[in-house]
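Hello,

Here is the structure I promised to pass on. Please have a look at it first, and then read my notes below.

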Amino acid sequence: MLIILALIIVFHVTSAVLLFISTIQNAWWVGNNFTTDIWQACLNTTTVTECIEIDNTTPYFQALQTVQATMIMSTTLCCIGLFSFVFQLFRLKKGQRFVLTAVIQFCHAFLS
């Protein structure tokens, strides 16, 4: 049972770290002279790199805004799921179920 609990905690932490990295990383798409992520687009020339924030003038802005919201919600729910799991692990009596954690993880999996 201790091994299962350790694997669940490792899974939660790994998921949170990967979500933070993928949300913050600044190079989702890389080309010869550009890099783009969900927050900004950068054009690389031989002398200077110019970065432009993604705003409502950007093509497909609503789709990118949806991806931004989904990534933030998924990361938030993953962290809340980890904290609720640890909280319920030490607060629930033996034999009770992790219903709150299960609901949060279901919402997290639905968003991911």
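To start with a convention: angles under 35 degrees count as roughly parallel, over 145 as roughly antiparallel, 65 to 115 as roughly perpendicular and the rest as oblique. Axes are lines fitted to C-alpha atoms, for helices over the stretch in contact, with angles running from 0 to 180 degrees between N-to-C directions. Helices (H or I, at least four residues) and strands (E, at least two) are DSSP runs, numbered from the N terminus.

This is a predicted model, in which local features need pLDDT of at least 70 and side-chain atom pairs count only at pLDDT 80 or more, while totals for chains, interfaces and linings use all residues. Residues are numbered from 1 along each chain as its sequence is written, and side-chain values use heavy atoms, with hydrogens and water left out.

**Helix packing**

Helix α1 (residues 2-24) packs with helix α2 (residues 61-91) at an angle of about 155°, their axes being 9 Å apart. The two, α1 and α2, are therefore roughly antiparallel. Their crossing is left-handed (the near helix is turned anticlockwise from the far one by less than a right angle; clockwise would be right-handed).

How do α2 and α3 cross, and how close do their axes come? The axes of α2 and α3 come within 9 Å and cross at roughly 160°, which makes α2 roughly antiparallel to α3. The crossing of α2 and α3 is left-handed. Thr70, Leu77 and Gln88 of α2 take part in the contact, as do Val99, Ile104 and Cys107 of α3, among others. The contact of α2 with α3 has 11 nonpolar, eight polar and no charged residues.

Leu111 lies in helix α3 (residues 99-111). Leaving aside neighbours within four places in sequence, Leu111 is in contact with Thr70, Met73, Ser74 and Leu77. Leu111 is partly exposed, at 28% relative accessible area (buried means under 20%, exposed over 50%, partly exposed in between, with a 1.4 Å probe and protein chains only).

**Cysteines**

A search of the whole structure finds one disulfide (a pair of cysteine sulfur atoms within 2.5 Å). Cys42 and Cys51 form it, with their sulfur atoms 2.1 Å apart. The link of Cys42 and Cys51 is right-handed, with 105° about the S-S bond. Cys42 is buried, at 7% relative accessible area, whereas Cys51 is partly exposed at 42%.

Cys79 is in no disulfide, and the nearest cysteine sulfur, that of Cys78, is 5.6 Å away. Cys79 is buried, with a relative accessible area of 18%. Cys107 is in no disulfide either; the nearest cysteine sulfur, again that of Cys78, is 13 Å away. Cys107 is partly exposed, at 36% relative accessibility.

**A backbone detail**

Tyr60 has a positive phi of about 60°, although it is not a glycine. Tyr60 sits in the loop between β4 (49-53) and α2, and is exposed, with a relative accessible area of 71%.

Best wishes

Note on methods. Contact = heavy atoms within 4.5 Å. Nonpolar A, V, L, I, M, F, W, Y, C, P; charged D, E, K, R; others polar.
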